[in-house]
Amino acid sequence: MRVKQYSAGISAPEDAIYCAHPMNPILKKIGRAIRDRREAQGLTRQRLAQVSGVSIRFLNDVELGLANPSVLKLQALAKALGTSVAVFLAERPEDAGPLR
């Protein structure tokens, strides 16, 4: 995995796209869906990261809604969780209502 260095000594996976506004509701929704699915299957972040081929740091940032994963990364996570990318994007009861 190639890592990109940012200012203040911060580094991140090169394929990660970090959003300017880290509390984007769509990214939070995707992250919450991945975390809920992972926890329901009794998987640790470390195990899901290993199986899907992403770093633990990246997975953590995705689950927190801080990273904007590529479609290929979402597909790898979905496959590792035995589901489809559509599940991560599906409307959930707590998602109803206007975006803020």
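**Briefing: salt bridges and nonpolar core of a predicted model**

With a relative accessibility of 61%, Glu-91 counts as exposed (over 50% relative accessible area; buried is under 20% and partly exposed lies in between, with a 1.4 Å probe and protein chains only). The model is predicted: local features need pLDDT of at least 70, side-chain atom pairs count only at pLDDT 80 or more, and totals for chains, interfaces and linings use all residues. Residues are numbered from 1 along each chain as its sequence is written, and side-chain values use heavy atoms, with hydrogens and water left out.

**Overall architecture**
- The chain contains five helices and four strands, taken as DSSP runs (helices H or I, at least four residues; strands E, at least two) numbered from the N terminus.
- Along the sequence, these elements follow the order β-β-β-α-α-α-β-α-α.
- Of the 100 residues in the chain, 32% are buried.

**Salt bridges**
- The structure holds six salt bridges, each defined as a side-chain nitrogen of Lys or Arg within 4 Å of a carboxyl oxygen of Asp or Glu.
- One of them pairs Lys-29 with Glu-91, the closest N and O atoms being 3.3 Å apart.
- Lys-29 belongs to helix H1 and Glu-91 to the segment after helix H5 (85–89), so this pair ties together parts that are 62 residues apart in sequence.
- Lys-29 is buried, at 14% relative accessible area.
- Another links Arg-45 and Glu-63, with the closest N and O atoms 2.7 Å apart.
- Because Arg-45 lies in helix H2 and Glu-63 in helix H3, the pair ties together parts 18 residues apart in sequence.
- Arg-45 is partly exposed at 29%, whereas Glu-63 is buried at 3%.
- Salt bridges with shared partners join Arg-38, Glu-39, Arg-45 and Glu-63 into one network.

**Nonpolar core**
- The largest nonpolar core has 15 residues, of which Ile-34, Leu-48, Val-54, Leu-59, Leu-77 and Phe-88 touch the most other members.
- Such a core is a set of buried Ala, Val, Leu, Ile, Met, Phe, Trp, Tyr and Cys residues joined through side-chain atoms within 4.5 Å.
- Two or more residues come from each of helix H1 (25–40), helix H2 (45–52), helix H3 (56–63) and helix H4 (71–80).
- Leu-77 touches Ile-34, Leu-48, Ser-52, Val-54, Leu-59 and Phe-88, not counting residues up to four places away in sequence; contact means heavy atoms within 4.5 Å.
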